[in-house]
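Thanks for coming. I will go through one structure today, starting with charged pairs, then strands, then a pocket.

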Amino acid sequence: MKNLTLPAISALVLLAMAACSAPGSNKDAPDTAAPSVSLTAPASGAALSGTATLSATATDNVGVAGVKFRVDGADVDTEDLVAPYSLSWNTASATAGSHQITAVARDSAGNSATSAAVTVTVSNADGIAPVISLTAPAAGATVSGTATVSADATDNIGVVGVQFRLDGVSLGAEDTSAPYTRSWDSTTAINGTHSLSAIARDAAGNNTMSAAVTVTVSNADVIAPVVSLTAPAAGATVTGSATVSADATDNIGVVGVQFRLDGVN
């Protein structure tokens, strides 16, 4: 082997440096390669309830900077910056039924990739009742004619119906879609104070009744009662004490019946 002189060694170093800086060198080339990512849990078609673990594997030519998990395209919690990439998902935050889970990996250069989606079914025993409050009419309001009765209702999974009530009796049919509202013909109620409330229910059968709202009905009643004598029968012969009776109805309410004999009370 030849002994290299100092000038020869210097020349070799200069040649190596020139090669590194020559056009076409990859030393300072930008990173354009996206990571590779795949979900490892849950399995496709899995039925989930309670808290479920979402996990993924990810690799990159330089390095993975973080992995985000998504359910139906929405981020679940914060990005996991350190392998192994996983998080705990509270499935009670999702509606019962089918959902798609994906994972998104990124590198420090901003390249990202999304895993193939995994479809799962969420099935939880829902023990949380809806929350509901009446929004109209206001407490203490005086109503007449047709009045709007409305409510706000929310649920951790979803409200399936709201039933309005007047004095504890259902007011029309259940409203099954928001906004929850009902037109109330107040002329069907007697003048005076009444209690309005609403009951919200979810698909699991949980229900909540709102706080009651007291209103005053004040309508001009122009419909006369209907009255008919029921005793004695027409043409009857009576002696001594005889019972005189009548049936009477009204669109709002009968307040009294006055019997008369030959036009005299």
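Arg70 has a relative accessibility of 28%, so it counts as partly exposed. Keep in mind throughout that this is a predicted model. The side chain of Arg70 meets that of Asp75 in a salt bridge, with 2.7 Å from N to O. Asp75 also forms a salt bridge with Lys68, and there the closest N and O atoms are 3.4 Å apart. Together, Lys68, Arg70 and Asp75 make up a network of salt bridges.

How exposed are the other two members? Asp75 has a relative accessible area of 40%, which means partly exposed. Lys68 is at 30% relative accessibility, so Lys68 is partly exposed as well.

How many salt bridges does a search of the whole structure find? The search finds four. One of them joins the side chains of Glu174 and Arg201, at 2.7 Å from N to O. This pair links distant parts of the chain, 27 residues apart: Glu174 sits in the loop between strand 14 (169–170) and strand 15, and Arg201 sits in strand 16, residues 192–202. Glu174 has a relative accessible area of 26%, so Glu174 is partly exposed. Arg201, with 35%, is also partly exposed.

Three of them form an open sheet in the order 10-12-15, with antiparallel pairing. Which strands are at the edges? They are strand 10, residues 131–136, and strand 15, residues 180–185, each of which pairs on one side only. From one strand to the next, the twist averages 25 degrees.

Within this sheet, strand 12, residues 146–154, is joined to strand 15 by six bridges, and the two run antiparallel.

Is Ser183 buried or exposed? At 56% relative accessibility, Ser183 is over the 50% cut-off and therefore counts as exposed. Between Ser183 and Leu171 there are 9.3 Å in space, C-alpha to C-alpha, and the two are twelve residues apart in sequence.

Next is strand 18, residues 213–217, where the side chains alternate.

What does strand 18 pair with? Strand 16 pairs with strand 18 in the antiparallel sense over five bridges. In that pairing, Leu196 stands opposite Val213 of strand 18. Strand 11, residues 142–143, is joined to strand 18 by two bridges, and here the strands run parallel. The bridge partner of Thr142 in strand 18 is Thr216.

Last, the pocket. How much volume does the largest pocket have? The value is about 160 Å³. Its lining consists of Leu229, Pro232, Val244, Phe259, Arg260 and Leu261. By class, that lining has five nonpolar residues, one charged residue and no polar ones.

That is the end of the list, and I can take questions now.

Terms used. Residues are numbered from 1 along each chain as its sequence is written. This is a predicted model: local features need pLDDT of at least 70, side-chain atom pairs count only at pLDDT 80 or more; totals for chains, interfaces and linings use all residues. Side-chain values use heavy atoms; hydrogens and water are left out. On a 1 Å grid over the protein atoms alone, a cavity is a set of points where a 1.4 Å probe fits but cannot get out, and a pocket is an open set with protein on both sides within 12 Å along at least five of seven lines; lining residues have an atom within 4 Å of a point. Grid points are joined across faces, edges and corners, and a volume is the space filled by probe spheres set on the points. Ala, Val, Leu, Ile, Met, Phe, Trp, Tyr, Cys and Pro count as nonpolar, Asp, Glu, Lys and Arg as charged, and the others, Gly among them, as polar. Two strands pair if DSSP finds at least two bridges between them. Helices (H or I, at least four residues) and strands (E, at least two) are DSSP runs, numbered from the N terminus. Axes are lines fitted to C-alpha atoms, for helices over the stretch in contact, and angles run from 0 to 180 degrees between N-to-C directions. Buried means under 20% relative accessible area, exposed over 50%, partly exposed in between (1.4 Å probe, protein chains only).
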